[in-house]
Amino acid sequence: MANLTSKELSALEDQLGFEQMSICKYKAAAQETTETALKTCYERFAGQHQQNFNNLLNYLK
């Protein structure tokens, strides 16, 4: 991992929080809806945000 400034680390921390919040919101929306097409979209969005979260976390390791 490259040496990051405290500002860069703070930005990554903020982004991780955003991704985590998005995952939770899209998963909740998928559980709430009864429309199959919407459920599929929400689950796909949650999966994409989970992948973003994992990529950011792996970058920090």
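This is a guided tour of the structure, one selection at a time.

**The whole chain**

Begin with the entire protein, which is a predicted model. Its fold contains two helices and zero strands. The radius of gyration is 14 Å, well over the 10 Å that the globule rule gives for 61 residues, so the protein is more spread out than a compact globule. Along the principal axes, the C-alpha atoms fill a box of roughly 45 × 15 × 10 Å. Of the 61 residues, 18% count as buried. Among contacts between residues at least 6 apart in sequence, 64% join residues at least 24 apart.

**Helix α1**

Show the side chains of L12, L16, E19, S22, I23 and A30, which are buried in α1. What lies over them? The cover of these buried residues includes α2.

**Helix α2**

Now move to residues 36–60, which make up helix α2. Its end C-alpha atoms are 36 Å apart, in agreement with the 36 Å that its 25 residues should span at 1.5 Å a residue. Highlight A46, H49, F53 and L56, the buried residues of α2. These residues pack against α1.

In soluble globular proteins, nonpolar side chains tend to be buried together.

Centre the view on F53 and display its surroundings. Which residues does F53 touch, leaving aside its neighbours within four places in sequence? The contacts of F53 are with L16, E19, Q20 and I23.

Select T36, which lies in helix α2. Is T36 buried or exposed? T36 counts as exposed because its relative accessibility is 61%, and the cut-off for exposed is over 50%. A distance drawn from the C-alpha of T36 to that of F53 gives 26 Å, for two residues 17 apart in sequence.

T40 is also found in α2. At 44% relative accessibility, T40 counts as partly exposed. From T40, draw a line to N58, which is 18 residues away along the chain; their C-alpha atoms are separated by 27 Å.

**The cysteines**

Finish by selecting C24 and C41. A disulfide is a covalent bond between the sulfur atoms of two cysteines. C41 is accordingly in no disulfide, its nearest cysteine sulfur being that of C24. The count for the protein comes to zero disulfides.

Methods: Residues numbered from 1 in each chain as written. Predicted model: local features only at pLDDT ≥ 70, side-chain atom pairs only at ≥ 80, totals over all residues. Heavy atoms only, no water. Helix = DSSP H or I, 4+ residues; strand = E, 2+ residues; numbered from the N terminus. Buried < 20%, exposed > 50% of the residue type's maximum accessible area, 1.4 Å probe, protein only. Disulfide = S-S within 2.5 Å. Contact = heavy atoms within 4.5 Å. Rg over C-alpha atoms; globule rule 2.2 N^0.38 Å. Expected span 1.5 Å × (residues − 1).
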